[in-house]
Amino acid sequence: MMRSMFSAISGLRAHQTWMDVIGNNIANVNTTGFKVGRVRFTDILSQLVRGASGPTEQRGGINPLQIGLGSVVGAVDTIHTQGALQLTGKPSDLAIQGDGFFVVSDGSQTLYTRDGAFDIGSDLRLVNPSTGFYVLGWQADADGKVDTAGPVGPITIPIGQQLDAVPTTQLTVQGNLDANQSTAATPPHYVTKVSVVDSQGKRHEFYILFEKTGANTWDYTIQQDDPRTSADEDAADPDFTLGGATTGTLQFDANGNLDLTNSTIGAVDLDATAGGAGIVSVTPDFSRLTQLAAPSTANAAANGAPAGSLTTFTVSQSGEVLGIYSNGVTKVIGQIALALFTNPGGLMKVGGNAYLPTVNSGEPIVGPADSGGRGKIASGYLEMSNVDLAQEFTSMIMAQRGFQANSRVITTSDEVLQELVNLRR
């Protein structure tokens, strides 16, 4: 008789714990990166009333006779399924699509989280402003290269950092020159414009003129003035002149491809010494130019950029932090690290949406995103909780009814005991 009461009491405790977990899940339905908890019950050790016996030639075997002593919470699992992504538009908000955890630090220990609500602190480091945890990863060197084999550390995003001017070192012309162009037409037969940067970061513009002189032969001329206008642009940009090989010849084969061997292409000097900058010598690259029976589409592009400052940033799917400068240059300034665990369910929650590894979670395997089984990073998104309210309310009904049923067992056992006491009346 007393066993039924104690079994029912254990059921009450177990279902109360289930209600506690359900309440916590519902409370965190809007918590960024929260992972739902799930309760699993196990039965308590059963009392052996009669042991089992094996069969003999005269009689069959007898099963053991056991009476259960109730239930207990066997585990509260953390279900690490993907939560829905919510668009925020803020570049420092990050979400993981797939497996992995952000690596963060509170200054004394390394923690792991799916909460990517990050921001730039006053010290220009990427941080979770609600907890103060620094986001860990790898900082890029001056050339934008990242050593992901090195130790992780806080990522600095130097908003306002000045980027030195990068002078032009490459000039590429690509596209097509019309093979049907008549040599009798008034030259130039095609003109394209290009902008270059001197050693002090000042932009200058000049034009490349093409004139067809034979069946597969074109001459080119590089000059400051636009031949399509009557204005003298030398006066508009007196600090910049062109020198060196400003003319050349392009020879194409029968298939319309450039024959570099028979072409004459020299280095042109971009001279800005009158404005205080140095001379930059560049050899135009015409290797991507063709001569086909199609309209002329040749266009020129040059590298280089004026001085600028870091204005904003974005994060790629692989976790690269790309700094965007006011001069249009995009440069890698860091790499965010992600960690994998053999058994993420073995992680221990420590508050602040963070986890610590345990002996059953395995050691963290840290590396770049979108590699080694790690998920991709979505910039401008946050991962929402994976709590399913419909499931939680259903579980709440089941927990409530289970609690009621166990309380009825106690009431019924009490009534039976009362009848037993009343036998002596």
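These are my notebook entries on a few places I looked up in this structure, which is a predicted model.

**Entry 1: two helices**

I started with helix α1, residues 2–27, and helix α3, residues 389–422. Their axes come within 9 Å and cross at roughly 160°. Angles over 145 degrees count as roughly antiparallel, so α1 is roughly antiparallel to α3. I then looked up the hand of the crossing, and α1 passes α3 in a left-handed one. For the make-up of the contact between α1 and α3, I noted 18 nonpolar, eleven polar and one charged residues.

**Entry 2: His 204**

Next I went to strand β16, residues 203–212, where His 204 is found. Is His 204 buried or exposed? His 204 has a relative accessible area of 1%, and under 20% counts as buried, so His 204 is buried. I looked for a polar partner of its side chain and found the side chain of Asp 198, at 2.8 Å. I also listed what His 204 touches, not counting residues up to four places away in sequence. Asp 198 is on that list too, along with Val 194, Ser 195 and Val 196. Asp 237, Phe 240 and Ala 272 complete it.

**Entry 3: Ser 105**

Ser 105 lies in strand β7, which covers residues 101–105. Its relative accessible area is 15%, so I put Ser 105 down as buried. What does the side chain of Ser 105 reach? I found the backbone nitrogen of Gly 107, at 3.1 Å. Leaving aside neighbours within four places in sequence, I have Ser 105 in contact with Gly 132, Phe 133, Tyr 134 and Leu 136.

**Entry 4: Pro 151**

Leu 136 came up again when I turned to Pro 151, with the two C-alpha atoms 9.5 Å apart in space. In sequence, Pro 151 and Leu 136 are 15 residues apart. I placed Pro 151 in the loop between β11 (133–139) and β12 (153–154). The relative accessibility of Pro 151 is 76%, and over 50% counts as exposed, so Pro 151 is exposed. With neighbours within four places in sequence left aside, I noted that Pro 151 is in contact with Gly 137 and Trp 138.

**Entry 5: backbone checks**

I ended with the backbone. Most residues other than glycine have a negative phi, and most peptide bonds are trans. I wrote down these exceptions.

Which form does the peptide bond from Pro 187 to Pro 188 take? I found it cis, with omega near -5°. Pro 188 has its place in the loop between β14 (171–178) and β15 (190–197).

Leu 124 has a positive phi, near 70°, and is not a glycine. I located Leu 124 in the loop between β9 (119–120) and β10 (126–128).

I found Asp 370 in the loop between β29 (365–368) and β30 (376–379). At 40% relative accessibility, Asp 370 went into my notes as partly exposed.

Definitions and conventions:
Residues numbered from 1 in each chain as written. Predicted model: local features only at pLDDT ≥ 70, side-chain atom pairs only at ≥ 80, totals over all residues. Heavy atoms only, no water. Axes fitted to C-alpha atoms, helices over the stretch in contact; angles between N-to-C directions. Helix = DSSP H or I, 4+ residues; strand = E, 2+ residues; numbered from the N terminus. Parallel < 35°, antiparallel > 145°, perpendicular 65-115°, else oblique. Left-handed = near helix turned anticlockwise from the far one by under 90°. Nonpolar A, V, L, I, M, F, W, Y, C, P; charged D, E, K, R; others polar. Buried < 20%, exposed > 50% of the residue type's maximum accessible area, 1.4 Å probe, protein only. Polar contact = N/O pair within 3.5 Å; in protein donor to acceptor, adjacent residues only side chain to side chain. Contact = heavy atoms within 4.5 Å.
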